[in-house]
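Let's take a look at a protein chain together. Have the sequence and the 3D view ready, and we'll go from the whole chain down to a few single residues.

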Amino acid sequence: MSIETMNVFPMIHSITIDKENDLVTELVQDINDVEGVRLNLLESVATVQMYERIKFYPLAPPTFIEDVMGSFAQMGLSKLITISDNTYHDIFGYPGCTRVWELPLILRDQVEEALVGYKVNYDSETWEILEITLLED
């Protein structure tokens with residue numbers, strides 16, 4: 001058993017902004033609790049392992065971080081990855097912006113600060129999810 005640890009930050013679903021005061025008033029992430037993170041990771045692992053069983057992968061066998069986290073999980077491995085995500089978000093109160101990185105720096109900093117993350121311990125050989133805990137600031 002080879003136990004590894006990673007921090008994950010669920011992707012952003014929506015943001016509410018008070019534009020007049022340059023203030024993020026609400027941030028909603030796609031996954032909101034430990035059990036949601038566990039289920040998303042288990043689904044992602046199962047998908048990658050299915051592709052591995054049928055030998056449907058590029059030149060190298062899949063790896064936990066690159067294939068599970070990079071391709072299937074709804075999470076980033078850092079706050080920066082999560083706020084740099086290129087998918088569209090619901091951003092209320094700041095017309096014309098649909099991605100976090102389009103917001104002014106003062107608001108991006110607030111979004112980054114508000115992100116909730118989780119510490120995940122997993123076995124890098126079997127890809128078993130061993131423990132998930134909320135990251136403390």
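## The chain as a whole

What percentage of the 137 residues in the chain is buried? Buried residues make up 36% of them, where buried means under 20% relative accessible area, exposed means over 50%, and partly exposed is in between, with a 1.4 Å probe and protein chains only. Keep in mind that this is a predicted model, where local features need pLDDT of at least 70, side-chain atom pairs count only at pLDDT 80 or more, and totals for chains, interfaces and linings use all residues. Residues are numbered from 1 along each chain as its sequence is written, and side-chain values use heavy atoms, with hydrogens and water left out.

The chain has four helices and seven strands, and from the N terminus on they run β-β-β-α-α-β-α-β-α-β-β. Here helices (H or I, at least four residues) and strands (E, at least two) are DSSP runs, numbered from the N terminus. Along the principal axes, the C-alpha atoms fill a box of roughly 55 × 30 × 20 Å. Of the contacts with a separation of 6 or more, 62% are between residues 24 or more positions apart; a contact means heavy atoms within 4.5 Å.

## The start of the chain

Met1 sits in the segment before β1 (3-10). Met1 counts as exposed because its relative accessibility is 67%.

Ser2 counts as partly exposed, because its relative accessibility is 24%. Leaving aside its neighbours within four places in sequence, Ser2 touches Tyr122, Asp123, Ser124 and Glu125. Ser2 and Trp127 are 125 residues apart in sequence, yet 9.6 Å apart in space, C-alpha to C-alpha.

## Two residues with positive phi

Now for some backbone angles. Most residues other than glycine have a negative phi. Trp127 isn't a glycine, but its phi is positive, near 65°. You'll find Trp127 in the loop between β6 (118-123) and β7 (129-134). Trp127 is buried, because its relative accessibility is 8%.

Asp22 has a positive phi too, of about 50°, although it is not a glycine. Asp22 belongs to the loop between β2 (12-18) and β3 (23-29). So is Asp22 buried, partly exposed or exposed? With a relative accessible area of 33%, Asp22 is partly exposed.
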